[in-house]
Every structure is written in C-alpha cells, then in structure tokens.
Amino acid sequence: RGVTAWTAAALDRPGAFAQLAGALSAAGFTIVSAEATTRADGVAVDTFHVTDGRGRLVREPRRWARVDRLIALAESDPEAFERAIDQARRSAPPTPNPGAMELQRVVVTNEASDRATVVEVVTPDRPGLVYDIARTLYEFGLDLSVARIATRQDLASDTFYVVDRRGRRLGLRRQRALRAELQRRFV
C-alpha cells in the first residue's frame, strides 16, 4: 500500500501508545494509519503504517534507530522528548488546507461499545496529531483499549476505545468534559 508497517508489542502501560506515536512523529514520519489493541494478558500490540514524511516507504535503518532513541528519551527526559516533537512539527512541510472541513467532529459515546467509551476525532491532519490526541486522553486519566487511526488525503479520522483507570466507561459528565476538551484542542 505504499506504507511501512511498524509493530511494537509490550506489557501495556498508560501513555505507551502516545509515546510511540510521538517518537514516530519526532522522527519525521507521517502516521497514515494505526491499530492498537490490548490483549487479555495485558500485552499491547500497536501497529503503525507510516511514510517518511514525503509519502515514501521508510527503509533506512538509521531512521528506525532514531525511533528507538526517541522512545528511550520519552522515558528518560520527557521535556527533551516534547522538544523533539515540537521541532519535527516546525520542520514539517505545511499541511494543505483540508477540503472537507464540514466533516470535522468529536464524538464521545458509550453507545458504540458495551465495554469502553468510544472517542472519535475527525479533523484536518497535521504532524503529531495522533500523539496529541493520545496524550490528551492520557492526561484525562484514560487507558486505551483499542485505537484505529486513519488518514485520508488531508483529513484524519481517529477512533479510540478508552476506559478510566479503574477499567470503566466514562459517565455522562466526564464524556461531556472530554468532548469539550477535544473540541477545544482539535476542531
């Protein structure tokens, strides 16, 4: 499909998906799509489909070594990790104006799943978007069960299945607060 697939599997922990997405973004990759699931045994399997930032396959081993270093940096020096992501955003080519602005939306609902709250964010794509959304969910005290990330041309459609730190779906008040925060940041 013209993308490079990269899969990471490890014991799940809060914020891990965001760190992986951030490391890929900081390395200058474009996340075209991603899927993340947490198995019953607690292992998170995250698969990202990426390009090199210019729409090409990523073949250079040194680029993947940089991703490894950035993941380690996220653990050892979170502020330097954030600076690396910001630098990648500044050096990325400008994002074209999306042609489907009327499709922008944030949906937060318990109707689509009986085990998790489903969060959908449809917004113009930009460097670091997956990281920013996943980080917002983490900061909101949520754990990711499943993620489905898709970018079509210039519009991202990212869906996350989340639970609170006790493994429960969000109540109506927290759903509204999360929707308001996501709309403020991304729509």
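How many bridges join strand β6 to strand β7? In this predicted model, ten bridges connect β6 (residues 142-152) and β7 (residues 155-164), and the two strands run antiparallel. Within this pairing, V146 is positioned opposite Y161 of β7.

Both strands belong to an open sheet of seven strands, arranged in the order β1-β3-β2-β6-β7-β5-β4 with antiparallel pairing. On average, neighbouring strands are turned by 15° against each other, direction ignored.

Helices pack on this sheet. Helix α4 (residues 129-139) lies across β2 (30-38), β5 (117-124), β6 and β7, and runs at about 20° to β7. Helix α5 (residues 172-186) touches β4, β5, β6 and β7, its direction making about 165° with that of β4.

Six aromatic pairs were counted. The ring centres of F17 and F160 are 6.4 Å apart and the ring planes stand at 80°, so this pair is edge-to-face. F17 is in helix α1 (residues 16-26) and F160 in strand β7, so that the pair links distant parts of the chain, 143 residues apart. F17 counts as buried at 6% relative accessibility, as does F160 at 1%. The rings of F81 and Y131 are likewise edge-to-face, because their planes lie at 80°, with centres 6.0 Å apart. This pair ties helix α3 (residues 78-91), which holds F81, to helix α4, which holds Y131, across 50 residues in sequence. Both F81 and Y131 are buried.

Key
Residues numbered from 1 in each chain as written. Predicted model: local features only at pLDDT ≥ 70, side-chain atom pairs only at ≥ 80, totals over all residues. Heavy atoms only, no water. Pairing = 2+ DSSP bridges. Helix = DSSP H or I, 4+ residues; strand = E, 2+ residues; numbered from the N terminus. Axes fitted to C-alpha atoms, helices over the stretch in contact; angles between N-to-C directions. Contact = heavy atoms within 4.5 Å. Phe/Tyr/Trp six-rings, centres within 6.5 Å; stacked < 30°, edge-to-face > 60°. Buried < 20%, exposed > 50% of the residue type's maximum accessible area, 1.4 Å probe, protein only.
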